[in-house]
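Please open the structure in your viewer and keep the sequence beside it. The stops below say what to select and what can be found there.

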Amino acid sequence: MSKLNKITGLVATAALTAAVSGTVMAHGDVTPQAVDTTGLTPLGEEWADTNPYRDSDDFDRAVEIGASAYNQNCARCHGLDGISGGIAPDLRYLTADYDGDEWFKYRVINGAVRDGAVYMPKMADTLSQEALWAIRSWLETKYVEE
């Protein structure tokens with residue numbers, strides 16, 4: 001193979017790698033998708049301080065709804081089955097207690113912005129607290145100790 005062909009091949013490979021990497025690493029369109037919370041006890045407008053479904057009869061239904069809602073709204077950044085690929089925090093490490101709930105609640109209400117760039121949208125602007133606590137319930141079934 002000639003030196004020119006090798007250089008051309010390397011340049012083409014580098015350009016393709018850069019294009020694909022930009023696509024894979026970008027968050028893209030993260031518009032929240034609707035979540036049907038039928039079967040969960042309504043929680044009202046004021047946010048609960050802790051996961052209201054954790055120790056309730058609604059927990060199994062919340063986990064079912066949360067699994068689907070997570071895959072529709074969270075997996076593209078936080079990873080399939082809750083396993084982060086490094087783009088966003090691995091939510092499986094959130095403890096099922098007040099501290100974990102406080103962090104989760106803060107993030108879904110306020111989102112995350114760094115240097116003017118939105119890293120996570122304010123999910124509570126679109127999804128109900130029932131849907132978001134259902135996601136949290138599902139995440140608790142995926143908990144991994146550090």
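A word on the model comes before the selections. This is a predicted model, in which local features need pLDDT of at least 70 and side-chain atom pairs count only at pLDDT 80 or more, while totals for chains, interfaces and linings use all residues. Residues are numbered from 1 along each chain as its sequence is written, and side-chain values use heavy atoms, with hydrogens and water left out.

**Helix H4**

Select residues 98–110, which form helix H4; helices (H or I, at least four residues) and strands (E, at least two) are DSSP runs, numbered from the N terminus. H4 has 13 residues and reaches 18 Å from its first C-alpha to its last, close to the 18 Å expected at 1.5 Å a residue, where the expected span is 1.5 Å times one less than the number of residues.

At the start of H4, look for a side-chain oxygen of Asp-97, which comes to within 3.2 Å of the backbone nitrogen of Asp-99. Just after H4, Gly-111 has a positive phi of about 70 degrees.

Now colour Gly-100, Asp-101, Phe-104, Lys-105 and Val-108, the buried residues of H4; buried means under 20% relative accessible area, exposed over 50% and partly exposed in between, with a 1.4 Å probe and protein chains only. They lie on the same side of H4, because they cover an arc of only 125 degrees around the axis, the arc being that of the directions from the helix axis to the C-beta atoms. Their cover includes strand E2 (117–120) and helix H5 (129–140), with contact meaning heavy atoms within 4.5 Å.

**The largest nonpolar core**

Which residues have the most contacts inside the largest nonpolar core? They are Tyr-70, Phe-104, Val-108, Leu-132, Ile-135 and Leu-139, in a core of 26 residues; a nonpolar core is a set of buried Ala, Val, Leu, Ile, Met, Phe, Trp, Tyr and Cys residues joined through side-chain atoms within 4.5 Å. Helices H2 (59–73), H4 and H5 are the elements that give two or more residues to this core, and H5 gives the most, with 7 residues.

**The ring cluster**

Next, select Trp-47, Phe-104 and Trp-133, which ring pairs link into a cluster. Rings of Phe, Tyr and Trp (its six-membered ring) pair if their centres lie within 6.5 Å, and planes under 30 degrees apart count as stacked, over 60 as edge-to-face and the rest as tilted. The whole structure holds 3 aromatic pairs. The rings of Trp-47 and Trp-133 have centres 5.7 Å apart and planes at 55 degrees, so this pair is tilted. Trp-47 sits in the loop between helix H1 (3–25) and H2, whereas Trp-133 is in helix H5, 86 residues apart. Phe-104 and Trp-133 also form a tilted pair, with 5.9 Å from centre to centre and 40 degrees between the planes.

Return to helix H5 and select Ser-137, which is buried, with a relative accessible area of 0%. Its side chain is joined to that of Asn-51 by a polar contact of 3.0 Å; such a contact is a pair of N or O atoms within 3.5 Å, and within protein one must be able to donate a hydrogen and the other to accept it, while residues adjacent in sequence count only if both atoms are side-chain atoms.

Finally, go to Tyr-143 in the segment after H5. Tyr-143 is partly exposed, with a relative accessible area of 35%. Tyr-143 and Leu-94 are 49 residues apart in sequence and 6.9 Å apart in space, C-alpha to C-alpha.
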